[in-house]
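Take a first walk through this structure. We begin with one pair of residues and then widen the view.

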Amino acid sequence: MHVSRIRLKNFRGYYSLSLDFSSGMNVFIGKNASGKTNLLEAIHYLSFAKSFRGVEDKELIQNKASKAVINAEVVNDEGKKTIDVLISEKGKKILVNDKGITKLSSLNKITNVIVFTPQDVNIFRDSPKNRRNYLDINISKINPMYSETISIVEELLKERNEILKQDKVDTKQLEIITDQLIKAEKEVIVMRKEFVSSLNKVISKVASQLKGVDSKVKVIYFPYIKLSEDYLEKAKKLYQENLDNDLKRKATSIGVHREDFILTLNGQDISVQGSQGENRLMAISLKLSPYFLVSDKSKHPIVALDDVMSELDDAHQKKLISFLRKLDQVFITSTKLTIDHASIYEIDNHHAIRRTK
């Protein structure tokens with residue numbers, strides 16, 4: 001799949017913009033704060049209906065404007081589709097081929113975007129929440145049931161925490177909700193384990209190409225409790241053992257919302273033993289590996305990389321560029337990077353011009 005055209009109106013700093021894109025490599029070049037990352041935001045929005053910067057939709061609307069508009073043409077295995085996004089203070093409206101969509105998650109099937117940001121370099125040293133986010137986003141793309149199950153878990157967790165906050169806890173109701181939560185969590189653990197297993201089949205190959213030497217890379221997932229035939233009994237016992245702590249904290253202290261994973265490089269935990277350069281390369285490897293879990297080439301994700309070359313030496317930059325050339329469509333931002341046989345766009349003060357060859 002690839003984005004063939006995008007038009008922006010009052011989106012971030014862009015008053016009006018229209019660009020055509022090629023498959024293969026597309027490079028946005030410009031000074032800092034010139035609008036490069038905003039373009040990636042717009043492309044990412046076509047997949048997730050939100051900014052990867054974690055800001056509210058209203059912040060995407062240009063100052064003094066009443067609404068922001070993204071219009072795009074996307075080519076995937078079903079042919080060409082148009083996506084129209086209207087963002088206003090009242091909310092957002094998204095049309096695909098002039099028809100409203102019922103679920104925002106359905107956008108992923110039309111425009112699947114993998115994004116890398118400078119903050120991702122710290123994914124292995126940051127809060128476990130960021131690593132769980134990585135799992136949730138990528139598994140949801142592969143298995144629609146995951147999003148539904150996670151939503152059920154979040155709702156049950158909210159109910160359980162509300163019970164724990166009561167002055168007089170309804171122990172019977174707490175037991176009922178906990179049992180439901182445990183059953184839903186089992187499905188999450190199963191899907192997380194399956195995803196990590198698939199990831200481990202490709203990530204060493206990706207990392208080896210980016211590093212330039214054979215590397216053994218493994219993602220190790222830590223479920224809050226190991227799956228077994230007596231999972232339900234063991235999980236209930238674990239929740240019971242933590243009940244006093246939960247009552248004291250008025251919050252649920254165990255469960256899939258507390259899980260984590262680590263990444264090892266040649267047997268060493270990258271967050272502890274890895275250099276800053278190794279953490280960057282492994283973060284890039286982790287982000288790009290799901291691309292290869294999509295067996296249908298016509299459904300391969302679009303890759304958007306923000307300032308990915310920063311702090312990479314020339315040798316590793318060349319290896320990364322060589323690797324990215326194999327992908328269907330890539331967008332890269334840079335202050336000075338020039339890549340042969342790529343479409344180059346010069347960005348200046350939220351204006352973009354495609355460089356002619």
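**A buried pair and its surroundings**

Y134 and F261 are both buried. Keep in mind that the model is a predicted one. By the ring-pair rule, the structure holds 10 aromatic pairs. Y134 and F261 make up one of them, a tilted pair. Their ring centres lie 6.1 Å apart, with 55 degrees between the planes. What does this pair tie together? Y134 belongs to helix α3 and F261 to strand β10, so the pair links parts that are 127 residues apart in sequence.

Stay with helix α3. It covers residues 128-142, which makes 15 residues. From its first C-alpha to its last it reaches 22 Å, close to the 21 Å expected at 1.5 Å a residue.

Helix α4 contains N161. Is N161 buried or exposed? Its relative accessible area is 17%. Buried means under 20%, so N161 counts as buried. Leaving out residues up to four places away in sequence, N161 touches K250, A251 and T252. Helix α5 contains Q180. Here the relative accessible area is 38%, so Q180 is partly exposed. Q180 and V153 are 27 residues apart in sequence. In space, their C-alpha atoms are 8.7 Å apart.

Now turn to a strand. β8 spans residues 113-116. V113 and V115 point one way from it, while I114 and F116 point the other way. All four residues are buried. Which strand does β8 join? Four bridges connect it to β12 (residues 302-305), and the two strands run parallel. Within this pairing, V115 stands opposite A304 of β12.

Next comes a loop. I339 sits between β13 (329-334) and β14 (343-348). Its relative accessibility is 4%, so I339 counts as buried. What surrounds it? Setting aside neighbours within four places in sequence, I339 is in contact with M25, V27, I321, R325, I332 and I344. K158 is another matter: its C-alpha is separated from that of I339 by 49 Å. Along the chain, I339 and K158 are 181 residues apart.

F21, F28, F331 and Y345 form one aromatic cluster. A charge also meets a ring: the charged end of K9 sits over the ring of Y15, 3.8 Å from its centre.

Finally, step back to the whole chain. It has 11 helices and 15 strands. Its radius of gyration is 22 Å, close to the 21 Å that the globule rule gives for 357 residues, so the chain is as compact as a globular protein of that length. Along its principal axes, the C-alpha trace spans about 70 × 50 × 35 Å. How many of the 357 residues count as buried? The share is 50%. Contacts across the sequence complete the view. Among those between residues at least 6 apart in sequence, 69% join residues at least 24 apart.

Methods. Residues are numbered from 1 along each chain as its sequence is written. This is a predicted model: local features need pLDDT of at least 70, side-chain atom pairs count only at pLDDT 80 or more; totals for chains, interfaces and linings use all residues. Side-chain values use heavy atoms; hydrogens and water are left out. Buried means under 20% relative accessible area, exposed over 50%, partly exposed in between (1.4 Å probe, protein chains only). Two strands pair if DSSP finds at least two bridges between them. The expected span of a helix is 1.5 Å times one less than its number of residues. Rings of Phe, Tyr and Trp (its six-membered ring) pair if their centres lie within 6.5 Å; planes under 30 degrees apart count as stacked, over 60 as edge-to-face and the rest as tilted. A charge sits over a ring if NZ of Lys or CZ of Arg is within 6 Å of the ring centre and within 35 degrees of the ring normal. Contact means heavy atoms within 4.5 Å. The radius of gyration is taken over C-alpha atoms; the globule rule is 2.2 Å times the number of residues to the power 0.38.
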